[in-house]
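Open the model in your viewer and keep the selection tool at hand.

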Amino acid sequence: MKLLNKLIDSQVFRSIIRHGWPNTALNRSLIITSNFFLHVLPVKVDKSALRLGYHFYLGVISFFMFIIVSLTGVLLMFYYIPATDRAYENMKDIIFIVPWGRVVRNMHRWAAHGMVLAVMFHMLRVFLTGSYKPPREFNWVVGIGLLVITLLLSFTGYLLPWDQLSFWAISVGGNMAKATPFIGASGPFSEMLGFDITNDISFVLTGGTVIGQNTLIRFYVLHCVVLPLIACGLIGLHFFRIRKDGGLSIPHKDLEERRKNESGKIKEASAAAIQPEPVKTYHLMALMNDKTPVVATEDKPYDEIFTWPHLVVRLVLCFLVVFTALFVISFIADGPLETVANPSVTPNPAKAAWYFLGLQELLVYFDPWLAGVVLPSLIISGLVLICYVDAHQDAQGGLHFSKRAFSVIFFLVGFIAWFALIIFGEFFRGPGWQLYFPWESWDIHKSPSGALHNLSSLAGWSLIIGYFVGGMVLPKLLWKSFYNRRGAVKYSLIMFHVLMFGMIFLKIILRLYFDVRYIITTPWFNI
Amino acid sequence: MKKLITRRDVLTWTTSWGLTVFVGGGVVNIGRFMVPKVLYEPSETIIAGFPEDFPEGTVDTRLIKDYKVWVIHHGEPITKKKGIYSLIAVCTHLGCTPRWNQEELLFQCGCHGSVFDVEGNNISGPAPSPLWRAPIRMTPDGRIEVGVGILNVGRPQQAQLMPKREDKQHLLKL
């Protein structure tokens with residue numbers, strides 16, 4: 001003990017860590033503010049912000065998954081060579097020869113899947129608790145950016161093993177890019193702009209007209225350098241904004257309870273003619289006039305505890321749980337690796353990674369430029385808009401279903417539909433992308449569905465125009481308060497996204513029950 | 001009152017336009033950097049063989065492995081027309097390789113369930129257009145030369161046009 005104290009008091013130790021053991025309030029503050037790695041955290045956090053049942057640590061789990069993916073990824077880079085004739089053999093080396101290579105590779109794979117899942121559910125939690133509302137709108141947008149980057153990281157990593165699964169997933173992805181309107185060779189309107197397969201977006205992305213060496217090195221650089229750097233930047237911004245936007249959101253029930261107690265305290269105090277204690281005793285920045293940059297706009301009753309040890313202990317525990325779970329899973333379950341990529345044989349069925357199976361399922365009903373480009377873009381723009389078309393900015397810190405009924409239902413239907421399509425694509429699709437139930441054998445031959453027909457142009461156009469005009473006008477007449485609270489711009493933005501979402505199901509019904517191929521056909525595009 | 005151009009105006013104008021050109025030029029030229037100028041892709045034309053190698057009424061799948069083309073000779077039982085043509089084995093939907101189903105006389109794509117008839121017409125599934133025709137011609141020594149590789153297709157939209165599919169370049173009349 002004496003030796004330890006002497007060590008802590010030595011000049012060398014003091015030059016590294018300038019404060020004493022964190023058992024006093026001062027040292028517990030200093031360990032946060034003077035430590036490079038911890039100073040992203042506040043010195044004190046609200047007790048309610050640590051509630052497990054409120055945020056489930058999903059954001060933290062996503063971040064830890066990113067850390068694990070980065071570390072295992074660097075380890076894999078020591079062995080992996082991005083060359084078409086060596087990549088697959090490197091994978092086999094990593095799995096069968098390199099000590100712990102199998103586990104490291106599995107951890108990289110499962111943590112990537114876990115990160116996608118954690119990010120999606122983190123978004124669901126933030127939505128349901130209304131935590132994206134002012135002043136946190138921009139951080140919601142940054143979060144959507146991180147969701148997209150997470151998906152792109154997974155997608156670019158998918159090609160690197162150079163097996164059948166990866167080759168055909170990227171082949172399909174590259175061809176989806178080719179269907180982009182205006183800048184893809186087979187997308188609508190690209191011909192007028194002079195794009196063909198030797199200069200369009202897919203050519204730049206895959207580095208040629210076929211998936212080959214150029215594609216592999218491009219995806220390798222994107223996966224290992226470009227996208228991780230963007231992700232790091234966005235994660236930093238995301239964390240920074242949590243602090244600047246007034247900390248983690250707090251359950252509104254806790255706030256109300258505290259307000260009640262506080263008003264009781266004030267009554268007692270005024271009866272005894274003593275000044276009540278200030279509710280928040282700790283000031284983040286001494287130079288600020290107010291408590292923190294944003295928090296002070298509304299006087300919230302605080303109930304704060306020191307980050308060290310309360311939050312730090314929870315973070316360490318969370319990391320250990322995530323790491324252990326991933327390690328155990330990686331020890332038991334191997335990440336998939338099929339036979340080496342073969343451009344002349346497409347596996348049947350060729351399924352995309354699970355998080356894109358919902359989109360692949362839509363490809364059955366829509367042309368690639370819609371299913372692969374327009375609909376995903378609308379999902380992203382719709383998610384971004386959520387925080388800017390919001391009508392009840394005060395409904396935070398909980399579900400507030402009576403105020404947010406419409407947005408909660410729409411979001412949940414979309415979220416469930418996304419996963420329902422994924423489950424359908426994963427378990428109900430067999431050879432030839434035919435409908436096979438999970439208990440059915442894929443050996444049974446199913447002949448492709450019969451001939452489809454297009455709606456006549458009169459029927460098609462009147463259906464589309466009637467649907468959109470009716471969908472825009474009717475809700476305005478039926479629910480006047482819904483319109484009045486939002487105004488023309490927000491209302492039409494919301495309804496446009498709702499109607500496009502509804503159109504997916506309209507088209508699915510038309511296809512399944514009426515064998516309709518296209519609702520409208522034009523020389524440039526078909527819907 | 002006469003409006004004077006101050007020194008500040010000049011500096012603001014040149015600085016903002018200078019920065020715009022600097023950033024814009026950077027973006028455009030990094031974009032140019034990313035477009036490959038040389039492609040190390042498979043050879044563009046191959047000698048498929050003598051016409052006798054492709055009997056009437058058959059779909060030849062021997063070239064699929066290396067060159068991703070089918071060479072098809074019209075005739076019973078697959079069609080009632082005449083001539084040899086070649087289809088590029090790239091699904092026009094999202095680029096998977098369809099398989100020739102000899103029992104049903106159809107090309108079937110496993111990725112999203114597109115189905116094409118023997119002439120490459122998209123008859124079912126999500127494929128938006130027929131399979132592309134590869135250019136085909138007879139060399140002076142009587143062998144069949146096929147332009148393989150997607151580069152020969154040019155603009156996909158044009159390749160779908162019916163007259164183009166039946167012209168001299170895409171249908172070898174014997």
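**Stop 1: two helices**

Helices H3(A) and H13(A) are oblique to each other, a label for angles that are not under 35 degrees (roughly parallel), over 145 (roughly antiparallel) or 65 to 115 (roughly perpendicular). Select residues 25-33 for H3 and 307-332 for H13, both in chain A: their axes come within 9 Å and cross at roughly 50 degrees. Axes are lines fitted to C-alpha atoms over the stretch in contact, with angles from 0 to 180 degrees between N-to-C directions. Helices (H or I, at least four residues) and strands (E, at least two) are DSSP runs, numbered from the N terminus.

This is a predicted model, with local features needing pLDDT of at least 70 and side-chain atom pairs 80 or more, while totals for chains, interfaces and linings use all residues. Residues are numbered from 1 along each chain, chains are lettered from A, and side-chain values use heavy atoms, without hydrogens or water.

**Stop 2: a sheet in chain B**

Now select the open sheet of 4 strands in chain B, ordered S2-S3-S4-S9 with antiparallel pairing. Strands pair if DSSP finds at least two bridges between them. S2 (58-60) and S9 (133-134) stand at the edges with a single partner strand each, so one side of each lacks a neighbour in the sheet. Zoom in on S4 (residues 84-88) of chain B, joined to S9(B) by 2 bridges; B:Ser86 has B:Ala134 as its bridge partner.

**Stop 3: between the chains**

Finally, show both chains: 45 residues of chain A are in contact (heavy atoms within 4.5 Å) with 36 residues of chain B.
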